[in-house]
Amino acid sequence: MHNIISSNLGYPRIGENREWKKALEAYWSGKLQEDHFENEMKLIRLGRLQKQKEAGIDLIPVGDFTYYDHMLDMSAMFGVIPRRFGYRGGPVSMDVYFAMARGSDGAAACEMTKWFNTNYHYIVPELDNVTPVLTHNRPLHAYREAKEVLGIEGKPVIVGPFTFVKLSKGYEAEAFADTVRRFVPLYEQILQELEREGVTWVQMDEPALVASDSEDDAKLLREVYGRLHQAAPGLKLLLQTYFGSVDWSPELVRLPVQAIGLDFVHGREPNLQALERHGFPHDKILAAGLIDGRNIWRSDLTEKLRLIEQIGRTVPPERLIIQPSCSLLHVPVHLRRETKLDPVLKRALAFADEKLDEIVVLARAVREGTDAVAAELKAGREALAELNGSPSRNREDVRNAVDRISDRPAKREMPFKERQKLQRNVWNLPPLPTTTIGSFPQTAEVRQARQLWRKGEWSKERYDEFIREQIREWIRLQEQIGLDVLVHGEFERTDMVEYFGEKLGGFAFTQNGWVQSYGSRCVKPPVIYGDVYFISPMTVEETVYAQSLTEKPVKGMLTGPVTILNWSFVRDDIPRKQVAYQIALALRKEVEHLEAAGIRMIQVDEPALREGLPLSRKHWNEYLEWAVNAFRLATCTVKETTQIHTHMCYCEFHDIIDAIRELDADVISIETSRSHGELIASFEHHTYDKGIGLGVYDIHSPRVPSADEMLGMIERALRVLPHDLFWINPDCGLKTRGKEETVASLKNMVSAAREARNKLGATK
């Protein structure tokens, strides 16, 4: 019998039926007044805490709930509000809060980017020209609410000062330590107020430490956490890392905190080795992340108990906390409503609520012995064994095809410069050609039509005709707007990954497996549970129909293998590289079908390429090598005159420019408008010798940018990029935007392109 604590790091915000999303969008549209919106959010917030209490979790996180994003909450709490939003101090109003996230008529939204290597997006704090001040103590409010309403002695969750500043912008790299120090007094005040309130545990999230290999960072952390400990010595601070291991773990575990949280899923072997090599302080608790918080597979709890025994050689159970590897924000809420999944697959899954149960079972097994949970242990082993032995995971044809791929990278026969000449002769496009990324507005009418078809109330023939009507309308609109390269609009697609998963073998789909991507945007990732294979053409019919309506080129639109991989819940019984190659070989067949049908511009989007990077740079090359090869496997068999496009969401371009160049796409479009020109500045130091389109307006905001605003972006780009390689396009797909704002924005974009051509003295 051992006294061991169970804990959770964070819980999904969206509600069992996406109530959170619905309340947000009702408030934004004016259908829900602010006081009613606040009440709706409170009900959702308290409901998720009550579920964790009923599950038997000992340390329940509070303060991880948000109205949009937890990093945006930190900015609001610290008064880090850019001047363009007209903030004058004090508590941040709802209008200012959401303007930072979504933009307003007078101010562009703050930059949005990926939360480490996940598909969750956070709002980037802007620290320049701002003096931080504590506007209100959010963790204290969350703690009081949980205790007063539900009787929960919660564990406040705060993004730590190192990670908050590391993920912010607006300071010079050499000023990082001093910038962190500017925020320490605010953290001290927060912790002192929590201590006076009687709080026991505080979780300080520092996932950025996983990407650090600097001794200077270790020194800074000792200073910062030394000050925080002195400020509130009565608090138990849990310094929480996740998404991998920390290279300087011996220094990490000596920090003046009461507990260290380590990820024993994604950083299992390095963290185990560090424990065995360096030991663990006798005066600290180890919070062991044992249950995968980023994937949906059921855990083999027998194997997890062996892992606890292995950890126990260094840290006895009475000094252990059992918890997930990271916040459960990244997985769906529960399995109860999944009534259509194959039973073999469903028994092998675990969403957030099921993962809470797994944590409690592990804690109970350590406290009471394995006999007390024998049935649960057996059920888990049998469920996973049944899936692993199924035909879906043992397709010999797929395995053999991947095995035949040689170590030599796939590549197109002709180099880009030679292909470019041939393609120019074929397309005869004007300088600075204009296009879009792929999707057009998914209106309520489009969504309703799809729902009626899926319910069986519409025949396939009626639905197909509806899709053709949408294609006809938007081909006409694109021609009227004056775009040079058109798209069919993707009206038949719910999601850029789900659509392809539904048409490939080896994928399964949930009914309610929603997770938050950004703001109110929720996605339902496919489940890659078996070997992936091509069944039949997936996009040819709609693309060929669109091309038949116009003399202008229409791009075929596919989602790339690495993005399908990174935006799905992926089987964990074989390496991700093998799964990526399976997807790539299936997509290659689709590319070949498009080309054979006369489509000679094909866009294979890889917006998630960078987010799959390991957080530690020493593992980057291995990932990038197979990720690039997967893209080339999918695209390398086309003719020289077939133009391959790709799209990537905003990233630190200079970090992976060599890999992007190695993709060997003829044209790449990159999201850049929210970076306020920073990506353009990177080209002053890094050359790029293929076609490139930098997004000239932000599609995540409802505002319509002026032609002059976009012209300024174009002109700045042309100072560092050759005009004969430059394309003009929005940041990303236009699926989430309204029709009127889309048409207005694209008209301004085309106007800006024409003015830029005039200034170049080249109209054709």
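Helices (H or I, at least four residues) and strands (E, at least two) are DSSP runs, numbered from the N terminus. The model is predicted, and local features need pLDDT of at least 70, side-chain atom pairs count only at pLDDT 80 or more, and totals for chains, interfaces and linings use all residues. Residues are numbered from 1 along each chain as its sequence is written, and side-chain values use heavy atoms, with hydrogens and water left out.

Q: Which element gives the largest share of the lining of the second largest pocket?
A: On a 1 Å grid over the protein atoms alone, a pocket is an open set of points with protein on both sides within 12 Å along at least five of seven lines, a cavity is a set of points where a 1.4 Å probe fits but cannot get out, and lining residues have an atom within 4 Å of a point. The second largest pocket holds about 1,900 Å³, where grid points are joined across faces, edges and corners and a volume is the space filled by probe spheres set on the points. Of the 46 residues that line this pocket, R18, K21, R447, W514 and R521 are the closest to its centre, and the elements that give two or more residues to the lining are α1 (19-28), α17 (444-454), α19 (498-503), β13 (521-523) and α27 (739-760). The largest share, 6 residues, comes from α17.

Q: How many charged residues are in the lining of the second largest pocket?
A: Asp, Glu, Lys and Arg count as charged, Ala, Val, Leu, Ile, Met, Phe, Trp, Tyr, Cys and Pro as nonpolar, and the others, Gly among them, as polar. By these classes the lining of the second largest pocket has 10 nonpolar and 15 polar residues, while its charged residues number 21.

Q: Which element gives the largest share of the lining of the largest cavity?
A: Counting cavities of 30 Å³ or more gives 6, and the largest has a volume of about 280 Å³. Its lining is made up of 22 residues, with R13, D64, H70, V157 and D205 nearest the centre, and two or more lining residues come from each of α3 (70-77), α5 (138-150) and β5 (155-159). By class this lining has 11 nonpolar, 5 polar and 6 charged residues. The largest share, 4 residues, is given by α3.

Q: Why does the end-to-end distance of helix α18 agree with its length in residues, and what is that distance?
A: The expected span of a helix is 1.5 Å times one less than its number of residues. Helix α18 covers residues 460-481, and because its 22 residues should span 32 Å at 1.5 Å a residue, the value agrees: the end C-alpha atoms are apart by 31 Å.

Q: What covers the buried residues of α18?
A: Buried means under 20% relative accessible area, exposed over 50%, and partly exposed in between (1.4 Å probe, protein chains only). The buried residues of α18 include Y463, F466, I467, Q470, I471 and W474. An α-helix has 3.6 residues a turn, so residues three or four places apart point the same way. With contact taken as heavy atoms within 4.5 Å, the cover includes α17, α20 (540-547) and α27.

Q: How far is the nearest cysteine sulfur from that of C326?
A: A disulfide is a pair of cysteine sulfur atoms within 2.5 Å, and by this rule the count is 0. C326 is buried, at 1% relative accessibility. C326 is in no disulfide, and the nearest cysteine sulfur, belonging to C522, lies away by 17 Å.

Q: Which residues does V124 touch, not counting residues up to four places away in sequence?
A: V124 is found in the loop between β4 (121-123) and α5, and its relative accessible area of 4% makes it buried. V124 and T113 are 11 residues apart in sequence and 7.0 Å apart in space, C-alpha to C-alpha. Beyond four places in sequence, V124 touches C110, E111, T113, L167, S168 and K169.

Q: Is E490 buried or exposed?
A: E490 is found in the loop between α18 and α19, and has a positive phi of about 60 degrees although it is not a glycine. Its relative accessible area is 11%, so E490 is buried.
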